[in-house]
Amino acid sequence: MQTITQTHSHLSHLTCSGCGETHNAFKPQLVSSCCQLPLESQYNIDEPFSKKDLLNRQGTMWRYREMLPVLADENIVTLGEGFTPLLQLDNLARKYNLQQLLLKDEGQNPTGSFKARGLSMAISKAKEFGVEGCIIPTAGNAGVAMAAYCARAGMRAVVVMPRHTPKAFREECYWYGAEVHLVDGLINDCAAKAKELNVDGSLLDVSTLKEPYRLEGKKTMGYEIAEQLDWNVPAVILYPAGGGTGLIGIWKAFKEMQEIGWLPADIKLPRMIAVQAANCKPLVDTFYGMQANAKNYNGKPTIANGLAVPRPLGEHMMLKVLHESGGTAISITEDEMLEGIRELGKSEGLFVAPEGAAIWMAARKLVDKGTVSPEDEILLLNTGSGQKYMENVEGRY
Ligand SMILES: *Cc1c(COP(=O)(O)O)cnc(C)c1O
Ligand SMILES: [Zn+2]
């Protein structure tokens, strides 16, 4: 007789990223009531979930079902996100004498960026809580992803983005039936506008790290990296940091896998490197002690729209990851990003988002400086496809 093993979420509670206080995971939550800071999902790690359970599961981020926060299967709103390819960049590795250069291509997600992971999770949880509509201040990709998943869930979608965002982002939102508001300024100005548009609180604000679950979608990249490397991890991971959900999420995944025994407790975890645009580098400045924090930082627009986040709510969480992992932060200029797009295009056939180009240029610089060894296994996270950024890069090949 076949035993039917029930698959369910092992979600147990939420903790405040500021003070560690416990909060209820079974009612809708935004930032913590104690510190007004992001909440982190915690799971019953004693409940059995083995790597073998992954065999025969679908190639999406939902294969880690037990370590994800959605309680009922019928609430999952999916477009097949996750399990993106981990590519070897042998041509560039040869050119720069690097032993092992990998790129996880998140541009192959639904809506063309890794924002699909976070918004699939957040909208699924919104559906689980009976939410009727969502609102998001966005630099571009998050708004597109939210619009798509809201359409699929039958929810109202309100997207607030900077007026200078390339047209493709805005257009795609309209095609998903979203209401779009354009604001003069950056994402923090959009956040102020979103607050104004939602004074009655009828919409769920799914801003980066304001609700707890986009982080849980993004963390699946960490699980996938380990699984795709046959339960190993690279020496270095480079991540283009805006709000930082991916950086925080990947690190969270590694810690969880150590707790559930999927990675050895004594494994050397990767050094996590945050890459920002020279035009907007709040984290780099705080990391190097040029300011106490990013609360009053003013950034400029960049062709890497996703990196124009001057005052990230989860700055303390990103800094913690950089320090715990022995990583660093570095910024890349607009011209360098263009060079990176060209190089990845011409050498590897990849048309990456400027954010993805920035991490490749950061890898080159860090190897030059000796911060990263050419012997290290280096993993680049290309967070998005270049297609939507055409206006930013047009003709500059
Ligand atoms: C949003 C975005 C980023 C930054 O992601 P965070 O989670 O805000 O750090 C990087 N690259 C692309 C393509 C993005 O859309
Ligand atoms: Zn707190």
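How many bridges join strand β6 to strand β7? In this predicted model, in which local features need pLDDT of at least 70, side-chain atom pairs count only at pLDDT 80 or more, and totals for chains, interfaces and linings use all residues, five bridges join β6 to β7 (residues 156-162), and the two strands run parallel. Residues are numbered from 1 along each chain as its sequence is written, chains are lettered from A and ligands numbered from 1 in the order in which they are written, and side-chain values use heavy atoms, with hydrogens and water left out.

Helices (H or I, at least four residues) and strands (E, at least two) are DSSP runs, numbered from the N terminus, and two strands pair if DSSP finds at least two bridges between them. Together with helix α3 (residues 141-153), β6 and β7 make a right-handed β-α-β unit. Right-handed here means that, with the strands pointing away from the viewer, the path from the first strand over the helix to the second runs clockwise.

Buried means under 20% relative accessible area, exposed over 50%, and partly exposed in between (1.4 Å probe, protein chains only). Strand β6 (residues 133-137) is largely enclosed by the rest of the structure, because five of its five residues are buried. In a regular strand the side chains alternate between the two faces of the sheet. Both faces of β6 are covered, with Gly 133, Ile 135 and Pro 137 buried on one side and Cys 134 and Ile 136 on the other.

Another pairing brings together β1 (residues 11-16) and β3, which are antiparallel over five bridges. In this pair, His 13 stands opposite Gln 42 of β3. Strand β3 (residues 39-43) is mostly covered, four of its five residues being buried. In the loop between β2 (22-23) and β3 lies Gln 36, a residue other than glycine whose phi is positive, near 60°.

Helix α6 (residues 213-228) is likewise mostly covered, with 15 of its 16 residues buried. From first C-alpha to last, α6 reaches 24 Å, close to the 22 Å expected at 1.5 Å a residue, where the expected span is 1.5 Å times one less than the number of residues. Just after α6, Asp 230 takes a positive phi of about 55°. Trp 231, in the loop between α6 and β10 (236-240), has a positive phi of about 60° although it is not a glycine. Trp 231 is buried, with a relative accessible area of 17%.
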